[in-house]
Amino acid sequence: MSEFPTASDVLAPEVEALPLPDIAERLGVPVTRVHQLLRDGHLLALRRGRIAVVPAALIDEQGVVKGLPGTVTVLRDGGYSSEEILRWLFTEDDTLPGTPIEALRGNRGREVKRRAQAMAF
């Protein structure tokens, strides 16, 4: 089985990030399924110290935040690295308002994806 990808920690220290076993518990799946979600690009992980963690904002009560996998795919296809994607998702944008991940969580995914497509192409 291949290793799952992790990014460098480019997020502010106050951004809550959870170890993979905690993400698995919240999603109600085995940790190996979280590894697969990371390999498939449905989730993004980073390393804090030596620990692989996922920003807590990337999941909600239903699972992976709706629209996140598609947004990540659009940006990756446009040449963005995982670090750049994470940075963009958690950077304030006064025109949204808030951050792109907050907009995705707030059911404003169409606007986030439109912006991602504009950035990527």
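Where is the place of serine 82? I looked that up to open the notebook, and found serine 82 in helix 4. A reminder to myself before going on: this is a predicted model.

**Entry 1: serine 82**

I then listed its contacts, leaving out residues up to four places away in sequence: serine 82 touches Ala7, Leu44 and Arg76.

**Entry 2: the core**

I turned to the largest nonpolar core, which has 40 residues. Leu43, Leu58, Leu68 and Leu89 have the most contacts inside it. I also noted who contributes: among the elements that each supply at least two residues of this core are strand 1 (17-19), strand 3 (51-55), helix 4 (82-89) and helix 5 (100-105).

Leucine 89 got a closer look. Again not counting residues up to four places away in sequence, leucine 89 touches Leu44, Leu58, Leu68, Thr99, Pro100, Ile101 and Leu104. Leu44 is on my list for serine 82 as well.

**Entry 3: helix 2**

Which residues of helix 2 are buried? I found Val34, His35, Leu37 and Leu38. Looking down the axis of helix 2, I see its buried residues fall within an arc of 160 degrees, so they line one face of the helix. Their cover includes helix 1, strand 3 and strand 5 (63-64). Just after helix 2 I stopped at glycine 41, which takes a positive phi of about 80 degrees.

**Entry 4: helix 1 against helix 2**

How do these two helices lie? The axes of helix 1 and helix 2 come within 8 Å and cross at roughly 100 degrees. Helix 1 and helix 2 are therefore roughly perpendicular to each other. On the helix 1 side I wrote down Leu20, Pro21, Ile23, Ala24 and Leu27, and on the helix 2 side Val31, Val34, His35, Leu37 and Leu38. Sorted by kind, the residues of this contact are 9 nonpolar, 1 polar and no charged.

**Entry 5: helix 3 against helix 6**

Helix 3 and helix 6 pack at an angle of about 10 degrees, and their axes are 8 Å apart. These two helices are therefore roughly parallel to each other. Helix 3 brings Gly70, Thr71, Val74 and Leu75 to the contact, while helix 6 brings Val112, Lys113, Ala116, Gln117, Met119 and Ala120. My tally for this contact reads 6 nonpolar, 3 polar and 1 charged.

Notes: Residues numbered from 1 in each chain as written. Predicted model: local features only at pLDDT ≥ 70, side-chain atom pairs only at ≥ 80, totals over all residues. Heavy atoms only, no water. Core = buried A, V, L, I, M, F, W, Y, C linked by side-chain atoms within 4.5 Å. Buried < 20%, exposed > 50% of the residue type's maximum accessible area, 1.4 Å probe, protein only. Helix = DSSP H or I, 4+ residues; strand = E, 2+ residues; numbered from the N terminus. Contact = heavy atoms within 4.5 Å. Arc of directions from axis to C-beta. Axes fitted to C-alpha atoms, helices over the stretch in contact; angles between N-to-C directions. Parallel < 35°, antiparallel > 145°, perpendicular 65-115°, else oblique. Nonpolar A, V, L, I, M, F, W, Y, C, P; charged D, E, K, R; others polar.
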